[in-house]
Amino acid sequence: MSWENEFARKVKKAERYAREPDRLRFEEFVLKFKGDHRIYTITLKGENLTCNCPFFDEHRTCSHLMALKKILGVKLPEI
């Protein structure tokens, strides 16, 4: 099979995977989020999703986490 045909098959497979977000399960990541006032760190370890912004400390959620969920378009652990 030619490289072009193999690549086309991989593109189709990726498109199918992208329509099936249940295939994904985030287990761990660290993300830098540029807020209006500074850069915040969002961390996921297992089921623990946190942000180091002051609002998160008090309310266990924040605009950075809400935006991340909308950007990714996949289910992250509930906080």
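Modeller: Before we start, a helix here is a DSSP run of H or I with at least four residues, numbered from the N terminus. Also, keep in mind that this is a predicted model.

Colleague: Thanks! Where do Arg9 and Glu6 lie?

Modeller: Both are in helix 1, which covers residues 3-18. They sit 3 residues apart, about one turn of the helix.

Colleague: And what do their side chains form?

Modeller: A salt bridge, at 3.0 Å from N to O.

Colleague: Which residues are linked in a network with them?

Modeller: Lys10 joins in: Glu6, Arg9 and Lys10 are linked by salt bridges.

Colleague: Is Arg9 exposed, partly exposed or buried, and what about Glu6?

Modeller: Arg9 has a relative accessible area of 49%, so it counts as partly exposed. Glu6 is partly exposed too, at 29%.

Colleague: How many salt bridges does the structure hold?

Modeller: There are 4. One of them pairs Arg23 with Glu20, where the closest N and O atoms are 2.5 Å apart.

Colleague: How accessible are Arg23 and Glu20?

Modeller: Arg23 has a relative accessible area of 48%, which makes it partly exposed. Glu20 is partly exposed as well, at 30%.

Colleague: Which residue does Arg25 pair with?

Modeller: Glu27, and the closest N and O atoms of that salt bridge are 2.1 Å apart.

Colleague: Why does Arg25 count as exposed?

Modeller: Exposed means over 50% relative accessible area, and Arg25 counts as exposed because it has 65%. Glu27 is at 44%, so that one is partly exposed.

Colleague: Switching topic: what is the overall layout of the chain?

Modeller: Along the sequence, the pattern is α-β-β-β-α-α. That gives 3 helices and 3 strands.

Colleague: How does the radius of gyration compare with that of a compact globule?

Modeller: The protein chain has 17 Å, while a compact globule of 79 residues would have a value near 12 Å. Along the principal axes, the C-alpha trace spans about 55 × 25 × 20 Å.

Colleague: What share of the residues is buried?

Modeller: Of the 79 residues, 24% count as buried. The chain exposes about 6,500 Å², and carbon and sulfur atoms supply 54% of that area.

Methods. Residues are numbered from 1 along each chain as its sequence is written. This is a predicted model: local features need pLDDT of at least 70, side-chain atom pairs count only at pLDDT 80 or more; totals for chains, interfaces and linings use all residues. Side-chain values use heavy atoms; hydrogens and water are left out. Helices (H or I, at least four residues) and strands (E, at least two) are DSSP runs, numbered from the N terminus. The radius of gyration is taken over C-alpha atoms; the globule rule is 2.2 Å times the number of residues to the power 0.38. Buried means under 20% relative accessible area, exposed over 50%, partly exposed in between (1.4 Å probe, protein chains only). Accessible areas come from the Shrake-Rupley method with a 1.4 Å probe; for residues, only the protein chains shown count as cover.
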